[in-house]
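This briefing is intended for reading alongside the structure shown below. Its points are grouped by topic.

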Amino acid sequence: MVLQVKKASKNFGGLSALSDVSFSINQGEIFGLIGPNGAGKTTMFNLITSMFTPSSGEIIFNEDNINGLKPHLITKKGICRTFQNIRLFPQMTAEENVMVGEHCRSKSGVFSSVFRTKSQRQEEERIRSKANELLEFVGLGGFAETVSDSLAYGQQRRLEIARALASSPQLLLLDEPAAGMNETETSELFHLIKKIQEQGITVLLIEHDMPLVMKLCDRIAVLNFGKKIAEGTPAEIQNNPDVIEAYLGSEEEDMYA
Amino acid sequence: MLAELINPYYLQVASFILINIILGVSIYITLSTGQLSLANAGFMGIGAYTSALLTLNFDLPIIVGILAGTLLAGVFGILIGIPTLRLQGVYLAIVTLGFGEVIRVIFVNWESMTKGAVGLSGIPHMGRELLNTLKDFGFDPKILGLQNNQFVFLAIFLILLGVTISIIAFFRRQNRSRVGRAFAAIKLDEKAAESMGINITYYKVLAFAQGALVAGFAGALFAHVLAYISPADFAYHRAVEILIFAVFGGSEVIWGPVFGALFLTVMPEVLRFISEYRYMIYGLIIIIMMAVRPQGLIDVNILNWVKLKTPKRRQKHGTSSQKSI
């Protein structure tokens, strides 16, 4: 098991964003986290990456409790994420963005950088060529020198994935990667995520595009109002009455609507 | 021949330009992680007073004094940098401005040590000390066809020039490395930088300490070039002046504050009649720059344009005219 979330809760003041949510993700699978808007999916990402500390509960990554660890150490342990609203470094080129992602897998400090020691130069070379490989991998081969701001929306999403992959994660968290993408882009994304899985990287995916989620995920957990209401394979989820109710509303509600 | 060209007055102006360039670099470094610090006048004062007092009271060599002043300023940089990590933008600016004032007030009131508002005079002069040392070895500036005075100012200028070039080279190399990328990432999006595995605490304090070190270094040089310092040299006006170098020249690239310092030090010297109205003009510059060109005169696009116009350094591919940082 790569990741175990045990009874995680998060309260903001009196508001309970997540309550007692538990699930676990197996090595190498694509795990989907779905639910209506405001269900607490992104909050869950923020707990896993330690942007927030859980109000209660535990998050266990490879047998280690990672609660309260600083976010950059979480990345170093092997969890990296993308953001729902793209957060690239706008004035940097695509290549530089990905090179930043390799920060935690490299170690040159101030003095080796200034004196350009042999190991620093080799490391820079390695970082740069890996960055270009990753750009190639996500289909941005010709865009290394392009400022990320001027990339198309779908390309920016893929660049963010490349940047996250640069930190050599074991677990990759994707927050609505298909948002705002057209059908072609979504199908490219499908193949990209499959390719990432083939590399042995476990993927935790938040997504609203249901056909994509159902095709892609091995297992799915459904959140609604901060609680987990279902977990299972895509087929199980599609036929779960609670899930249908959360997405479509119950019959009684419809009567009064 | 050579002797007539070397005018001590011009050399002294040139030396102050170089010191101001170093100060401009100091504010640029902290700004390159997105932190606006106005404490650099204070750090400059710490460097200047430390070095002056050590050389005056303990007869230490100037170079030891300068190193000690620089390091102490760096230590203060860390001490101020850590508690102010949570502050951003204007709040950080206010706190650091306050710190600078505290330092100045200490210089004014710790009379037994600093001689208060009167200031310290008779600080060993870098050029003269060098001349005296060389004379012990039997060197005479006349060999070069120079007066003592000319040699002294020429030596200071050359030392400062070497130091300034080294500092700029240092930070240009740092910028193009893993450390520079981390700085830039923090400046552009702190949360994203953190989730990409960058230890933002470390890099922000590092930038703060580097800025303090450089400002302290400039202060120590200042003390030994001028041979006289007083608390007024490190007051609020100085903090604003350093800020203006970055606002006017720009803070995206290191050449921005360098150009700002150069231009704004030369201007009052060339246009003597303006000198009195300097601070009014600074105020105007801030307002105009904020309205018209918030990134400062020199930015990435201008640098790229200059590179394109310079035949030898022409870029290989057409697309790279967009390349940044």
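Are helix 2 of chain B and helix 12 of chain B roughly parallel or roughly perpendicular to each other? The model under discussion is predicted. In it, the axes of helix 2 (residues 8–31) and helix 12 (residues 236–249) of chain B cross at roughly 75°; these two helices of chain B are therefore roughly perpendicular to each other, since angles of 65 to 115 degrees fall in that class.

**Helix packing in chain B**

- The axes of helix 2 and helix 12 of chain B come within 8 Å.
- On the side of helix 2 of chain B, the residues that meet helix 12 of chain B are Asn20(B), Leu23(B), Gly24(B), Ile27(B), Tyr28(B) and Leu31(B). Their partners in helix 12 of chain B are Ile242(B), Leu243(B), Phe245(B), Ala246(B) and Gly249(B).
- This contact of helix 2 with helix 12 of chain B comprises eight nonpolar, three polar and no charged residues.
- Helix 9 of chain B packs against helix 11 (residues 200–226) of chain B at an angle of about 100°, and their axes are 10 Å apart. Helix 9 and helix 11 of chain B are therefore also described as roughly perpendicular to each other.
- Ala182(B), Phe183(B) and Ile186(B) of helix 9 of chain B meet Ile200(B), Tyr203(B), Lys204(B) and Ala207(B) of helix 11 of chain B. By class, six residues of this contact are nonpolar, none is polar and one is charged.

**Contact between the chains**

- Chain B contributes 27 residues to the contact, and chain A contributes 32 residues.
- Helix 8 (148–175), helix 9 (178–188) and helix 10 (190–195) of chain B each give two or more residues to the side of chain B that touches chain A.
- Helix 9 of chain B supplies the largest share of that side, namely seven residues.
- The side of chain B that touches chain A has ten nonpolar, ten polar and seven charged residues.

**Annotated spans in chain B**

- An unreviewed UniProt entry lists several stretches of chain B as "transmembrane region", including residues 89–110 and 279–298.
- In the model, residues 89–110 of chain B are 95% helix and 0% strand, with end C-alpha atoms 32 Å apart.
- Residues 279–298 of chain B are 70% helix and 0% strand, and their end C-alpha atoms lie 22 Å apart.

**Sheet and helices in chain A**

- Chain A has an open sheet of six strands in the order 6-7-8-3-9-10, with mixed pairing.
- Strand 6 (79–81) and strand 10 (227–232) of chain A are the edge strands, each pairing on one side only.
- Neighbouring strands of this sheet are turned by 20° against each other on average, direction ignored.
- Strand 3 (residues 30–34) and strand 9 (residues 219–224) of chain A run parallel and are joined by four bridges. Leu33(A) stands opposite Ala221(A) of strand 9 of chain A.
- Helix 1 of chain A packs on the sheet, touching strands that include strand 3 and strand 7 (171–175) of chain A, and its direction makes about 150° with that of strand 7 of chain A.
- Helix 10 (residues 241–248) of chain A lies across strand 9 and strand 10 of chain A, at about 125° to strand 10 of chain A.

**Positive phi values in chain A**

- Most residues other than glycine have a negative phi.
- Asp20(A), in strand 2 (residues 15–25) of chain A, has a positive phi of about 50°. Asp20(A) is partly exposed, with 14 other C-beta atoms within 10 Å.
- Ser50(A), in the loop between helix 1 (41–48) and strand 4 (56–61) of chain A, has a positive phi near 65°. Ser50(A) counts as buried, with 23 C-beta neighbours inside 10 Å.

How values were computed:
Residues numbered from 1 in each chain as written. Chains lettered and ligands numbered in written order. Predicted model: local features only at pLDDT ≥ 70, side-chain atom pairs only at ≥ 80, totals over all residues. Contact = placed C-beta atoms within 7 Å. Nonpolar A, V, L, I, M, F, W, Y, C, P; charged D, E, K, R; others polar. UniProt positions renumbered as here; feature names shortened; annotations may be inferred. Axes fitted to C-alpha atoms, helices over the stretch in contact; angles between N-to-C directions. Parallel < 35°, antiparallel > 145°, perpendicular 65-115°, else oblique. Buried ≥ 20, exposed ≤ 12 C-beta atoms within 10 Å, placed from the backbone. Pairing = 2+ DSSP bridges.
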